Structures are given as structure tokens and as C-alpha cells.
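Colleague: I would like to learn how to read packing, sheets and pockets from a set of coordinates. Could we go through one example together?

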Amino acid sequence: MTRAHTYRVEVEWDGQPAASGFVVYDRDHVVTARGRDPILASSDPAFRGSRDRWNPEQLLLASISQCHMLWYLHLACWSGVVVTDYHDYPEGYLLENEDGSGQFEAVVLHPVVTVTHESMVEAAYHVHHRVGEKCFIARSLNFPVRHEPVVRVRES
């Protein structure tokens, strides 16, 4: 049985009118959802945005990394892999075209996973390959999401 889910957020910009020109209008905005803290956002500084706010490209990377991590932890549990620590350092590669359009060409996740025993290392690597079959975000993208995981054993 297929289940449908609907997600809603609000994006609010309250800056200078766009008629004031492309170069001068403020790109800062706020992303909210009911019951959540606001996310202060802007465009990337390369596109005249604020350096101290999240940009859409970073939020996309965060979404991909979060989805991978959450499915990884789920599948690791089902595979008998006990994870004690998980850190990821994702990188996204965007190509900007001459006309100003652009697209992500790829995202590479760099998860560093710590497990409780040496006997889990092989299975811990294998679980990363299974995540792509499940991750809602990665399955929805039109560019590849690769992963270069490192698995460590917790020192006693």
C-alpha cells in the first residue's frame, strides 16, 4: 500500500522591492514551518547573498546527508551493526552555465561511522550501499549521490 505525505514550509522575503534592481535587492529571507524554529536563509555569497545565513545549496546538501544518515542508522540496526557515532562532511558540485542557470552535477557524502566491534566493519560498509534504495531524497534527485564512507571501531 502506498502512503502519501505532504510537507509544507513557508518562505518569507521582506526586503527591498525587486524593482530596485538585481544588484541591490536583499536576498535574506526566513524559512519556517509550524512548530519549528526559523531558518535564516539567503542566496550563496557568490550570488550576492549573506555569508552568515544558510543558502539553498547548503540546505539541499543537509537534506541529502540527513536522509542518508537516518536510513543508514535504520538499516544498520536491522543488520546487527551497532553505531556509536556518525559524522558526515558532504560536498556538492554545482555547475553554473553561461546564461546564469545551473545544476548540481553530483553530491559526495563522506560519512565517518564508528561501530562497537571489528566484526561489524564489513557489514557497516555494506549498509551504505543499501541506503540509496531507500532514501527518499536521493531517489528524487536527477544527479548521482555517491558516498565515500570510513568505518572505525570504537576504542575501549
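Colleague: Which residues does Val131 touch, not counting those up to four places away in sequence?

Modeller: Contact means heavy atoms within 4.5 Å. By that criterion Val131 touches His68, Trp71, Tyr72 and Leu75. This is a predicted model, in which local features need pLDDT of at least 70 and side-chain atom pairs count only at pLDDT 80 or more, while totals for chains, interfaces and linings use all residues. Residues are numbered from 1 along each chain as its sequence is written, and side-chain values use heavy atoms, with hydrogens and water left out.

Colleague: Where is Val131 found, and does it count as buried or exposed?

Modeller: Val131 sits in helix 2; helices (H or I, at least four residues) and strands (E, at least two) are DSSP runs numbered from the N terminus. Buried means under 20% relative accessible area and exposed over 50%, with partly exposed in between (1.4 Å probe, protein chains only). Val131 counts as buried because its relative accessibility is 0%.

Colleague: Which residues have the most contacts inside the largest nonpolar core?

Modeller: In soluble globular proteins, nonpolar side chains tend to be buried together. A nonpolar core is a set of buried Ala, Val, Leu, Ile, Met, Phe, Trp, Tyr and Cys residues joined through side-chain atoms within 4.5 Å. Here the largest has 16 residues, and Trp71, Tyr72, Val81, Val115, Ala124 and Val131 have the most contacts inside it. Helix 1, strand 7 and helix 2 each supply at least two of its residues, and helix 1 gives the most, with 5. Ala124, leaving aside neighbours within four places in sequence, is in contact with Tyr72, Val81, Val115 and Val151. Another core, of 6 residues, lies apart from it and includes Leu61, Ile64, Phe104 and Leu109.

Colleague: What is the strand order of the sheet with mixed pairing?

Modeller: Two strands pair if DSSP finds at least two bridges between them. The order of this open sheet of 3 strands is 4-7-9. Strand 4 (83-87) and strand 9 (150-153) are the edges, each pairing on one side only, and the twist averages 20° from one strand to the next. Strand 4 is joined to strand 7 (residues 112-115) by 4 bridges, the two running antiparallel; Tyr86 has Val113 as its bridge partner in strand 7.

Colleague: Which strands does helix 1 lie across?

Modeller: Axes are lines fitted to C-alpha atoms, for helices over the stretch in contact, and angles run from 0 to 180 degrees between N-to-C directions. Helix 1 (residues 56-78) lies across strand 4 and strand 7, at about 165° to strand 4. Helix 2 (residues 121-131) packs on the sheet too, touching strand 4, strand 7 and strand 9, with its direction at about 150° to that of strand 9.

Colleague: How is the sheet with the order 1-2-3 paired?

Modeller: That open sheet of 3 strands is antiparallel. Strand 1 (10-12) and strand 3 (39-41) are its edge strands. Strand 1 is joined to strand 2 (residues 29-32) by 3 bridges, and Val11 has Val31 as its partner in strand 2. Val31 and Val131 are 28 Å apart in space, C-alpha to C-alpha, and 100 residues apart in sequence.

Colleague: Which residues are closest to the centre of the largest pocket?

Modeller: Of the 21 residues that line the largest pocket, the closest to its centre are Arg8, Val9, Val31, Thr32 and Ala33. On a 1 Å grid over the protein atoms alone, a pocket is an open set of points where a 1.4 Å probe fits, with protein on both sides within 12 Å along at least five of seven lines; lining residues have an atom within 4 Å of a point. Helix 1 supplies the largest share of this lining, 5 residues.
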